Amino acid sequence: MIDILKEAINKIPEHYYKLYNPRKSKGQLVDYSNEYVFPERNYCTNLYHQLLNIINDTNLDIGEMFFLDEEIYKKYSGTYINDKSFTKTKNSLKFSKQGLRPDLVLHKSQQSREKEDQKLIIECKTTNNLLKSEFFRDFFKLNIYKSQLNFQNTVYIIVNMNKEIINKYLDEYLKKYWNIKENAIYLLIKESYGSEIIEIKVEY
């Protein structure tokens, strides 16, 4: 599944990595700004289509009646409510909500929590200025996805960011915060449109 996802990422056109915003004067479009923006939803929507095309074109054997969904509501239970590390991380990151909206989900249904029905779940960031606090909150969510929601493949896609910065964020998170050791979390880092995908498999 990870190789299929990497293939889909590599098919995303350069247009979806960054855009110029239009500028107006007196209500009229005059030109475009010199500053880039990095629209995450735009990128994820194209990723959705690239991934779906690969699945359909290759007749990927993922079983019958699996659905690829965007930003659907997921809610975790309180299994770890008495876990000191979980509680400390949750409070430190000011993470109060139990409802989550991952960017992409490949699953059989909303009704099932069985592991065989949960193929892939993705968080994605496209900004070139990903804050450490945002990374920590996303990585906390990824741990919930694999431990509470039983996803077989839990993935964090980060584009337009330097890998060294992401490695520092990751090292600090693993030293300070809650992390479930069973199953892996995959980080797929693409520093720019033309760069190779850097894969980090977190298993500890």
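**Strands, rings and crossing helices**

Tutor: Let's start with strand E7 (residues 118-125), which runs antiparallel to E6 and is joined to it by four bridges. Keep in mind that this is a predicted model.

Student: What makes E6 and E7 count as paired strands?

Tutor: Pairing needs at least two bridges found by DSSP. E6 and E7 have four, so they qualify as a pair.

Student: Which strand does E3 join, and how do the two run?

Tutor: Strand E3 (residues 67-70) is joined to E6 by four bridges, and the two run antiparallel. Here His107 in E6 has Phe67 opposite.

Student: Where do the side chains of E6 point?

Tutor: Leu104 and Leu106 point one way from E6 (residues 104-107), while Val105 and His107 point the other way; all are buried. In a regular strand, side chains alternate between the two faces of the sheet.

Student: On to the rings. Why is the Tyr17 and Tyr193 pair called edge-to-face?

Tutor: Two checks, friend. The ring centres of Tyr17 and Tyr193 are 5.6 Å apart, and the limit for a pair is within 6.5 Å. Tyr17 is in the loop between helix H1 and strand E1, and Tyr193 in the loop between strands E9 and E10, so the pair ties together parts that are 176 residues apart in sequence.

Student: Why are H4 and H5 called oblique to each other?

Tutor: H4 and helix H5 (residues 163-176) pack at about 60 degrees, with axes 10 Å apart. Roughly parallel needs under 35 degrees and roughly perpendicular 65 to 115, so H4 and H5 are oblique. Their crossing is right-handed. Among the contact residues are Phe135, Phe136 and Phe139 of H4 and Tyr169 and Tyr173 of H5; these five also belong to one aromatic cluster, together with Tyr156 and Tyr177.

Notes. Residues numbered from 1 in each chain as written. Predicted model: local features only at pLDDT ≥ 70, side-chain atom pairs only at ≥ 80, totals over all residues. Heavy atoms only, no water. Phe/Tyr/Trp six-rings, centres within 6.5 Å; stacked < 30°, edge-to-face > 60°. Buried < 20%, exposed > 50% of the residue type's maximum accessible area, 1.4 Å probe, protein only. Axes fitted to C-alpha atoms, helices over the stretch in contact; angles between N-to-C directions. Parallel < 35°, antiparallel > 145°, perpendicular 65-115°, else oblique. Left-handed = near helix turned anticlockwise from the far one by under 90°. Contact = heavy atoms within 4.5 Å.
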